[in-house]
Amino acid sequence: MENKTKKKVSLVKGTGLGTFAGVFTPSILTILGVIMYLRFGWVVGNVGLVGSLIIVTLATSITFLTSLSLAAIATDQQVKIGGAYYMISRSLGIESGGAVGISLYLAQALSVSMYTVGFAESIVQVFPQLNEKLIAVAAILFVAGVALISAKVASRVQYFILAAIGISLISLIFGSPIESTEIELWGASSENSVPFWVVFAVFFPAVTGIDVGVNMSGDLKDAGKSIPKGTFMAVGVGYIVYMALPVILATRADALSLIEDPMIMRRIAFWGDAILIGVWGATLSSALGSTMAAPRVLQALARDGVLPSVMARLGKGSGEENLPRIGTLFTLIFTITAVLLGDLNMIAPVLTMFFLTAYGVLNISAGVENVIKSPSFRPRFKVHWFFSLLGAAGCISAMILINPLATFFAAIFVSAIFFWIKRRNLKKTWGGVGRGIRLSLIRSSLMRLGEVADPKNWRPHFLVLSGAPLSRWHLIAMANSFVQENALMTVATVLTRKGINKKRVIQLERHTREFLSRKNIYSLVRIVPAANPYIGAKTLVDHYGLGSLVPNTIILGDTRVESHLPDYCDMINYFFRSQRNVMILDMEEDYKANPKEKIDLWWGGLQLNGALMIVMAHMLQRSLEWRDANLTIKMVVPNEAAAKGAERNLVGMIDKMRSNASYEFIIAGDRSFPEILSESSHKADLVFLGLKEPDDEYVDYYRNLQANTSSLKNKVFILAGEDINFEEVLF
């Protein structure tokens, strides 16, 4: 039985491609491709021997650093179809992965166009009477046909092409100079050459072959082992070849000859036709590799729902090898269009920007995963975060140096795709590294927050005792108006039903969060079971929070049931003794329909509740709903003489707190405060009033308060209980 099991496992593993066939061969064939044969002489002629070696080293360094990041991510997770897109989306999230995945697809598809245009250009150099565009289109149709048959068939074809490239390079090594020349270290004169970074942009696609092996990940036997090993081998071999070629070219032809003749290698080589065989094989094999890779990225994008629903069929695979035949046909149309519109020198720099964008994000993904030390990130191949972020910096720097404007448009393009995907709110069971970043920042902030409150940096952390969200929606809506991204808010519910289990509580919290999110309210949610609402509320105040970050301001509704009043007042007292601020919102339930133009704040001085009421009124005025409301600070004085003295103090205070509030003094005369309040504020849309400190007579006090304010439409009662000087917050 054991032997049978082993045999079965072996058969399953044997269904994919190995390291040499699946990663190294397609990668090295793409690296040693059209740029090497048709543009490397142009590179050496423009920037000389030294400049060429610098360009090769810079470009390969970026590719090598990206290979390290790629190896780390590939050995951390099971890499499936989509290659680099799959890895980025599973690390940085669907939005970042989708934005880069679409860029990567366009780069791979344009690669097909570049390679086939290079193939056609080399044909026309030998047979000038032929049409370059028609040859390029015919080449695309050929490689697409091979790719549609089988990935294994395509990989076998590549062995013959690899042999042809080897023969052509040997022929080049044993060739001879076409003219007597001195080695030009820095290339042709400035009037006969193009700038260094323009040359770099044309050359860089020559070292981007690592994407081909990665994007074939779904066809590999063991992607976790094959991708790092095959990629490093390809990058290393490519670097050796590209460092040797400038020496050969610079010693066998002068700069102008290298610039003017795209087929200069054929003239230099011992057997010139070997170069033709090599260039034709390399361009076709590179085109074939990209033709197999690009549709697989498209297939992965479609399967993850990143593409519009009308393109969902692009995610389908055919046959045992799951070939993306529909995606290949789509890519065929795209590449033919690009061929008809562009040439080699135009396509190559565009490719460079797309590849550098994808490489940069891949490096950032690996670097961030290492920095935040997520428990789930445990790659077999370990890379220090410095190298990954250095690779990202190299990509960004190269893009800016090549073309700042193009870099700007590339950033706009990727950002537009990111926000388009974000807006669609795609739901995936796998998350991104963003949550890990936020957790790391939260931990760091909490550790530095300290236990002692700083009045100048004080923020309210609201605990909204709303009950079921729909039953007291006005409490949540009003609390949200106070928050305005300047405070934290938790919507809390106390469940009094018996026998409710923890699983049900978690489900209710999730449903509440989703409901609030649909209403564009961003809040934490907490649900606790308790014997009654008052016990549950006290439990929340005692136990809810994290370190020094606990709710400091409790928002609750008024009670209308006389029998509940003793427990209600006892709860307020408990909050106050726990050093929490209390805000009681007694409001009409139709929050949206209520006017929001006039706010009255009844002033009793800075001490106790006055400063906190002003702070809350200012926070409310920053909200979209209340931004046009006029705030009036009202104060009752016994006579005119008292009004003059109080006015000087109040005007100075309003000026110090940089407020646009107006003020009003009311002479009491023979009237009681409840009479004045009812007469002066009955038309106000919101009234702020302070509460006295709880005492043994608080039930009677609160009952009278309800009666004396019954004529007011909407009011907020505030009790400052937190151990903080709110005057410093205000001034």
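Ten strands form an open sheet with mixed pairing, in the order 3-2-1-4-5-10-9-6-7-8. Strands here are DSSP runs of E with at least two residues, helices are runs of H or I with at least four, and both are numbered from the N terminus. Two strands count as paired if DSSP finds at least two bridges between them.

This is a predicted model: local features need pLDDT of at least 70, side-chain atom pairs count only at pLDDT 80 or more, and totals for chains, interfaces and linings use all residues. Residues are numbered from 1 along each chain as its sequence is written, and side-chain values use heavy atoms, with hydrogens and water left out.

Strand 3 (524–529) and strand 8 (662–667) are at the edges with a single partner strand each, so one side of each has no neighbour in the sheet. Further in, strand 6 (598–602) pairs with strand 9 (686–690) in the parallel sense over three bridges. Within that pair, aspartate 600 has valine 687 as its bridge partner in strand 9.

Now the pocket, meaning an open set of points on a 1 Å grid over the protein atoms alone, where a 1.4 Å probe fits, with protein on both sides within 12 Å along at least five of seven lines. Lining residues have an atom within 4 Å of a point.

The second largest pocket is lined by 28 residues, and the closest to its centre are Leu465, Arg472, Pro533, Gly557 and Asp558. Strand 2 contributes the most to this lining, with four residues.
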